[in-house]
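Subject: Structure for your files

Hello,

Please find the structure below, with the sequence. My notes on what was found follow it.

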Amino acid sequence: MRKVPELLLTSVPFAACSDVEDEFSSDHQCYFVFDNSVHLDATLMSALNSMSPGIFCQITEGAKGNSIYFFFKSNQGLESEKKANAIDLKRTRKLGIYNPSGVIVGYGNLNNPATLYAFDSQCTNCYESTHMPKYTLTMSNNGIATCASCKRTYDLNNGGIIRSGKEGKKLIRYRASSTGPQGVLSVTN
């Protein structure tokens, strides 16, 4: 029987331990299902088209009068809103950290096939230092999200990594799936 060197046995357990961030959030809850075959929202459709990567859409929820609405805003300047129907109202909805700031969804333009991303719309680093949901990101047409408070920029096309500004964590990412621009979008943990 061959002996395995003692040094090898003691170093193997530590090889799996590192400072790598989890790809998807397990600390922040998110659950959103939207059937765009019913609502036919053009702003959301533009972001859910895998053949036109680099288009991202911020989805938020709010009230108008006595009704719940979903608001859509793309990094290409499109904006729209859809009133929640009875099925939407029966579903649990948790748009990341804070429903009024919502989530950002879209296909990144760096991979082939394109990756569907879903990020929280809050600046990860500002939110985690204060636990106040007041750091909503703004998106530019080239897929960069910026925090007005800390001035960090995040690359939506590249997994939400920090592109410029102080070191810190990348954007909070959720799992996303879509059956197409006129299909069902699901964003979950």
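Glutamate 61 lies in strand β2, residues 56-64; helices (H or I, at least four residues) and strands (E, at least two) are DSSP runs, numbered from the N terminus. Before going further: this is a predicted model, in which local features need pLDDT of at least 70 and side-chain atom pairs count only at pLDDT 80 or more, while totals for chains, interfaces and linings use all residues. Residues are numbered from 1 along each chain as its sequence is written, and side-chain values use heavy atoms, with hydrogens and water left out.

Is glutamate 61 buried or exposed? Its relative accessible area is 12%, so glutamate 61 is buried (buried means under 20% relative accessible area, exposed over 50%, and partly exposed in between, with a 1.4 Å probe and protein chains only). The side chain of glutamate 61 makes a polar contact of 2.8 Å with the side chain of arginine 93. A polar contact here is a pair of N or O atoms within 3.5 Å; within protein, one must be able to donate a hydrogen and the other to accept it, and residues adjacent in sequence count only if both atoms are side-chain atoms. Leaving out residues up to four places away in sequence, glutamate 61 touches Ile68, Tyr69, Phe70, Phe71, Arg93, Leu95, Asn99 and Pro100, where contact means heavy atoms within 4.5 Å.

Aromatic residues

Two of those neighbours, Tyr69 and Phe71, also turn up among the ring pairs. A pair of aromatic rings is described by the distance of the centres and the angle of the planes. Rings of Phe, Tyr and Trp (its six-membered ring) pair if their centres lie within 6.5 Å; planes under 30 degrees apart count as stacked, over 60 as edge-to-face and the rest as tilted. By this rule there are six aromatic pairs. In one of them, tyrosine 69 and phenylalanine 71 have ring centres 6.2 Å apart and planes at 25°, so the pair is stacked. Tyrosine 69 is buried, at 17% relative accessible area, and phenylalanine 71 is partly exposed, at 24%. The charged end of lysine 64 sits over the ring of tyrosine 69, 5.0 Å from the ring centre; for this, NZ of Lys or CZ of Arg must be within 6 Å of the ring centre and within 35 degrees of the ring normal. Phe32, Phe34, Phe70 and Phe72 form one aromatic cluster.

The sheet

The protein has five helices and twelve strands. Eight strands make an open antiparallel sheet, in the order β1-β12-β11-β6-β5-β2-β3-β4; two strands pair if DSSP finds at least two bridges between them. From one strand to the next the twist averages 25°, with axes taken as lines fitted to C-alpha atoms and angles running from 0 to 180 degrees between N-to-C directions.

β5 (residues 103-107) is joined by five bridges to β6 (residues 116-120), and the two run antiparallel. Valine 103 has aspartate 120 as its bridge partner in β6, and glycine 106 has tyrosine 117. Four bridges join β5 to β2, again antiparallel, with glutamine 58 opposite isoleucine 104. In a regular strand the side chains alternate between the two faces of the sheet. How many residues of β5 are buried? Five of its five residues are: Val103, Val105 and Tyr107 on one side, and Ile104 and Gly106 on the other.

Backbone details to check by eye

- The peptide bond from asparagine 112 to proline 113 is cis, with omega near 5°; proline 113 lies in the loop between β5 and β6.
- Leucine 40, in the loop between α2 (36-39) and α3 (42-47), has a positive phi, near 50°, and is partly exposed at 42% relative accessible area.
- Lysine 151, in the loop between β8 (144-146) and β9 (153-155), has a positive phi, near 70°, and is exposed at 56% relative accessible area.

Overall figures

Of the 189 residues in the protein, 42% are buried. Among contacts with a separation of 6 or more, 56% are between residues 24 or more positions apart.

Regards
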